[in-house]
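Subject: Structure handover

Hello,

Here is the structure I promised to pass on. Please open it first, then read the notes below.

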Amino acid sequence: MRIPRLSLDLPWMRGSGRRPGPLLPLEDARSAALIFVMAALAFLACMAAMGASAGGRAAEGWARDLRGEATVQVRPRADETPAAAAARAAETLGGVPGVEEAAVLERERAEALLRPWLGEAILEDLPIPQLVTVRLTEAAPADARALNRALAEAGLDAVVDDHGRWLADVERAARVAGLIALMVFLLTAAAAGAAVVFATRAGLEARRDVIEILSLSGATDRTVAGVFQRRFALAAGLAGLYGAVAAAGVAALMRLAGGSDGFTPALPLAWSDLLLVSPCPLVAASLGAVAARWTTLRLLKGMA
Amino acid sequence: MSIPNDPLATSRPETAVVQLEGVGLRYGDAPEVLRDIDLTLPKGSFHFLTGASGAGKSSLLKLLYLAARPTRGTARLFGRTVSALGSQDLPLMRRRIGVVFQEFRLLDHLTAFDNAALPLRIAGGRARDYAADVAELLTWVGLRDRMDAYPPTLSGGEKQRLAIARAVMARPELIIADEPTGSVDQDMAVRLMRLFVELNRLGATVVIATHDNALARQSGRPVLRLDRGRLMREA
């Protein structure tokens with residue numbers, strides 16, 4: 001849009017390369033407070049995501065261990081010693097498809113397992129059952145039914161424990177941990193959204209003069225909303241970046257301190273977990289943009 | 001102060017830019033600040049609006065620049081009924097109106113240049129396209145050396161000139177000015193009035209609210225007078 005020349009020709013002004021200033025003031029104490037709050041929330045969300053990933057890995061590892069093993073308790077026949085029955089069971093189970101290795105659990109090893117629970121004194125008099133530990137193949141592990149069938153066909157009286165009960169507990173715990181992590185993430189996202197909504201409302205109220213002038217100059221609600229959307233998307237994105245970097249830093253320190261365990265066996269952080277924080281700035285910026293736009297349009301509608 | 005007159009501006013326009021019929025305005029439950037206003041501003045007309053403080057001048061101007069809607073009666077701007085305007089229509093209508101506020105209402109965080117360019121920017125103009133026009137108008141109102149200054153550093157007169165530059169920047173069809181020369185010296189007041197007259201000559205409809213009855217009388221332009229919310233005279 002051009003206006004006709006009034007009196008002066010100032011060709012030196014053409015192409016002056018001026019960049020228009022921002023329609024909202026840049027400096028704003030609320031922005032600093034908002035960035036701090038959102039950065040803290042982003043930090044929590046990133047830690048929750050990494051914690052969920054590490055927790056999931058731990059649960060998966062435990063489940064894999066449980067799935068990969070079975071324990072067989074052998075009851076010897078009257079004409080057979082317990083050791084012989086156990087040896088025969090181990091031999092039988094070793095030939096079952098899906099079994100990698102089956103070995104008799106020596107009495108010394110069984111006592112070593114029980115010693116922390118029962119102490120030294122009574123172990124010698126304790127009738128310890130004859131156990132066979134079975135290591136199953138990872139690709140196609142044999143199930144309890146196959147093991148039972150093989151033992152029965154060999155004429156062995158035995159009880160197979162495929163750790164199914166523990167496996168179900170571990171898997172349930174992993175699911176619960178995952179759900180909790182998801183809830184923490186959703187809660188922090190909702191809190192961040194609410195922070196943007198409050199900040200946008202405060203910003204609109206504080207900049208009512210600017211908004212009125214923009215509106216009276218012909219700015220549409222979408223234009224005004226766009227101004228706030230860009231401002232809060234930028235602030236939220238920046239906060240997301242700060243939170244993500246802080247979370248990645250803390251996780252890296254935990255990983256370094258934890259050595260080969262990651263951090264603890266229950267939380268085996270991997271370096272790859274740090275990559276989970278990478279979408280955080282973008283997610284935070286998107287959240288900020290959506291919340292600011294929605295709030296602005298809603299409030300402007302109320303002002304009209 | 002005498003205002004340059006132009007016979008073209010006083011010729012009878014063909015269409016009405018503003019038509020108010022039986023218009024009343026009240027804020028909340030308070031008594032009406034405007035009552036039974038009947039007013040027609042033809043296209044290309046130039047009117048002064050006078051009245052004592054509290055007579056309703058600012059409220060009438062608010063109706064004209066679409067910052068308020070009448071609580072009764074019918075208001076038409078550019079042939080369209082104001083009460084029927086949707087939220088999508090208002091911005092486009094407002095772009096056809098330039099307003100000089102008594103308190104200037106400049107944006108303190110923008111330079112004088114960016115303040116003046118605001119209507120063009122909002123209308124979707126690009127800086128490189130309007131830079132020369134903005135610079136030229138600012139030069140014309142005597143702000144050539146203050147283009148990069150921020151409003152808080154400008155004097156009252158400079159702010160007023162900047163407010164006028166912003167109001168006329170996009171060549172609006174309707175120019176509404178509330179005491180546009182109250183803070184400038186006599187020479188600058190004449191110069192600014194010449195700008196309004198020039199824009200009126202180019203087709204803009206102009207309404208200038210003023211306390212200065214002498215200025216209004218000497219202008220030779222029609223004078224509207226408000227008295228306690230009623231339009232007393234349309235000469």
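**Chain A: the sheet**

In chain A, strand S1 (residues 69–75) and strand S3 (residues 130–136) run antiparallel and are joined by 6 bridges. Two strands pair if DSSP finds at least two bridges between them. Val74(A) has Gln130(A) in S3(A) as its bridge partner.

Before going further, note that this is a predicted model: local features need pLDDT of at least 70, side-chain atom pairs count only at pLDDT 80 or more, and totals for chains, interfaces and linings use all residues. Residues are numbered from 1 along each chain as its sequence is written, chains are lettered from A and ligands numbered from 1 in the order in which they are written, and side-chain values use heavy atoms, with hydrogens and water left out.

Back to the sheet. It is open, has 4 strands in the order S2-S3-S1-S4 (chain A), and its pairing is antiparallel. Its edge strands are S2 (99–104) and S4 (157–161) of chain A, each pairing on one side only. From one strand to the next, the twist averages 25°. Angles of this kind run from 0 to 180 degrees between N-to-C directions, and axes are lines fitted to C-alpha atoms, for helices over the stretch in contact.

**Chain A: the overall plan**

Chain A has 8 helices and 4 strands. Helices (H or I, at least four residues) and strands (E, at least two) are DSSP runs, numbered from the N terminus. Along the sequence, the pattern is α-β-α-β-α-β-α-β-α-α-α-α. Of the 304 residues of chain A, 40% count as buried. Buried means under 20% relative accessible area, exposed over 50%, and partly exposed in between (1.4 Å probe, protein chains only).

The chain is divided into domain 1 (28–57 + 178–303) and domain 2 (63–167). These bounds come from an automatic or database domain assignment. The C-alpha centres of the two domains of chain A lie 53 Å apart.

The UniProt record, an unreviewed entry, carries the annotation "transmembrane region" for residues 176–199, 232–254 and 274–294 of chain A. UniProt positions are given in the numbering used here, feature names are shortened, and annotations may be inferred rather than shown by experiment. In the model, residues 176–199 of chain A are 100% helix and 0% strand, with end C-alpha atoms 34 Å apart. Residues 274–294 of chain A are 71% helix and 0% strand, with end C-alpha atoms 32 Å apart.

Gly203(A) is in helix H5 (residues 164–206) of chain A. It is buried, with a relative accessible area of 6%. Gly203(A) and Leu282(A) are 79 residues apart in sequence, and their C-alpha atoms are 22 Å apart in space.

**Chain B: strands**

Chain B also holds an open sheet, with 4 strands in the order S2-S1-S4-S5 and antiparallel pairing. Strands S2 (34–42) and S5 (80–81) of chain B are its edges, and each pairs on one side only. Strand S1 (residues 16–25) and strand S4 (residues 72–77) of chain B run antiparallel, joined by 5 bridges. Gly24(B) stands opposite Arg72(B) in S4(B).

Strand S6 (residues 97–100) and strand S7 (residues 174–178) of chain B pair in the parallel sense over 4 bridges. Val99(B) stands opposite Ile176(B) in S7(B). Ile97(B) and Val99(B) point one way from S6(B), Gly98(B) and Val100(B) point the other way, and all are buried.

**Chain B: loops and helices**

Most residues other than glycine have a negative phi. Which residues here have a positive value? Leu66(B) has a phi near 60°. It lies in the loop between helix H2 (57–64) and S4 of chain B, and it is buried at 4% relative accessible area. Phe104(B) has a phi near 70°. This residue is in the loop between S6 and H4 of chain B, and it counts as buried at 13% relative accessibility.

The axes of helix H4 (residues 112–122) and helix H5 (residues 127–140) of chain B come within 10 Å and cross at roughly 125°. H4(B) and H5(B) are therefore oblique to each other. Angles under 35 degrees count as roughly parallel, over 145 as roughly antiparallel, 65 to 115 as roughly perpendicular, and the rest as oblique. The crossing of H4(B) and H5(B) is right-handed. A crossing is right-handed if the near helix is turned clockwise from the far one by less than a right angle, and left-handed if anticlockwise.

Best wishes
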